[in-house]
Amino acid sequence: MMQRRLAAIVHADLAGFTRMMEGAETRTFRHLKSAQIDVWRPAIEASSGRLVGTAGDAMLAEFGSAVTAVGAALDIQERMARFNEALDTEQRMLFRIGVHLGEVIVDDEDQNIFGDGVNLAARIQAMAEPGGIAVSRAVRDLVELRVEYIFVDGGEHQLKNVSRAVQIFHVRQSRAAALPVGTTTRMVPQVTLRFEGTDSTKNKHTFEVALDKLMGRPDGMVIGRAADQCDFIVAHPTVSRRHARLRIAGEALQVEDLGSTNGTRLGEQSLKAGEPLALHAGSKLRLGDVELLVRQL
């Protein structure tokens, strides 16, 4: 027997899971199980949710309201930040979390959930940043965040196997909350660059890069098609699984092609693999068939 009900769905996936398993399979499995037991289960139970199931590095949970679902997602990411403090940089577990409100089908036998709502939550999760949260417009319209967080419009996206465009919102720390007590935004500027554009069929693509976060990643952050290998996802067949890398070198933002199949262009200049070029607000970055304008928020 099956029943239908409205639910707030939380879907999560571990960024870079394949790479981590290749490098240290046993250690990664141990850390993942600890995260499930010590972080996920307590956070979900504290918000009166239900962990529906786990599959590899993915987790699925449902809640009675969008408010409690987003609250649990924030609690999970805050707990994961503390969990990661004890790990070396390359071992840290950064989950992408997607939240959607929709109708689900419930299997009475094992209480698993299926349907369009679950599929959409999984697609939205793939648009989140590692360690971040992305939600649908339905969730954003119902939830008022705590004062230290804000919703940032991530634009409309044509998601895989979804006939209509879906608007995504990222949950981010407000700029004031990210600063130490007694500091001002003038003393510690926080710059975010938005990459937005279309492909040849006019499908929209967009993502945002917080430069202070990028500065904390000496190895840079990767743009590409593979959700499990990249920090920023551009879902288009002409974009390689790992297409290009953004990195701060000195005081300059640079972009580097990673040997992509269809190439990377900055303005009129084609990039050679392994030879980065400086990138500025106002630049046009082309990844395969996707052209993105870079602008400062």
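Two strands pair here if DSSP finds at least two bridges between them. Strands (E, at least two residues) and helices (H or I, at least four) are DSSP runs, numbered from the N terminus. The model is predicted: local features need pLDDT of at least 70, side-chain atom pairs count only at pLDDT 80 or more, and totals for chains, interfaces and linings use all residues. Residue numbers start from 1 along each chain as its sequence is written, and side-chain values use heavy atoms, without hydrogens and water.

**View 1. Strands β15 and β16 in an open sheet.** Six strands run in the order β10-β9-β19-β18-β15-β16, with antiparallel pairing. The edges are β10 (204-210) and β16 (269-270), each pairing on one side only. β15 (residues 264-266) joins β16 over two bridges, antiparallel. L266 has Q269 in β16 as its bridge partner.

**View 2. Helix α2 against helix α3.** α2 (residues 25-46) packs on α3 (residues 66-84) at about 140°, axes 9 Å apart. Axes are lines fitted to C-alpha atoms over the stretch in contact, and angles run from 0 to 180 degrees between N-to-C directions. Contacts (heavy atoms within 4.5 Å) include W40 of α2 and F83 of α3 among the residues that meet.

**View 3. Y149 in strand β7.** Y149 lies in β7 (residues 149-157). Its relative accessible area is 13%, so Y149 is buried (under 20%, 1.4 Å probe, protein chains only). The Y149 side chain makes a polar contact with the E78 side chain at 2.6 Å (N or O atoms within 3.5 Å, one able to donate a hydrogen and the other to accept it; residues adjacent in sequence count only if both atoms are side-chain atoms).

Note on methods. Buried means under 20% relative accessible area, exposed over 50%, partly exposed in between (1.4 Å probe, protein chains only).
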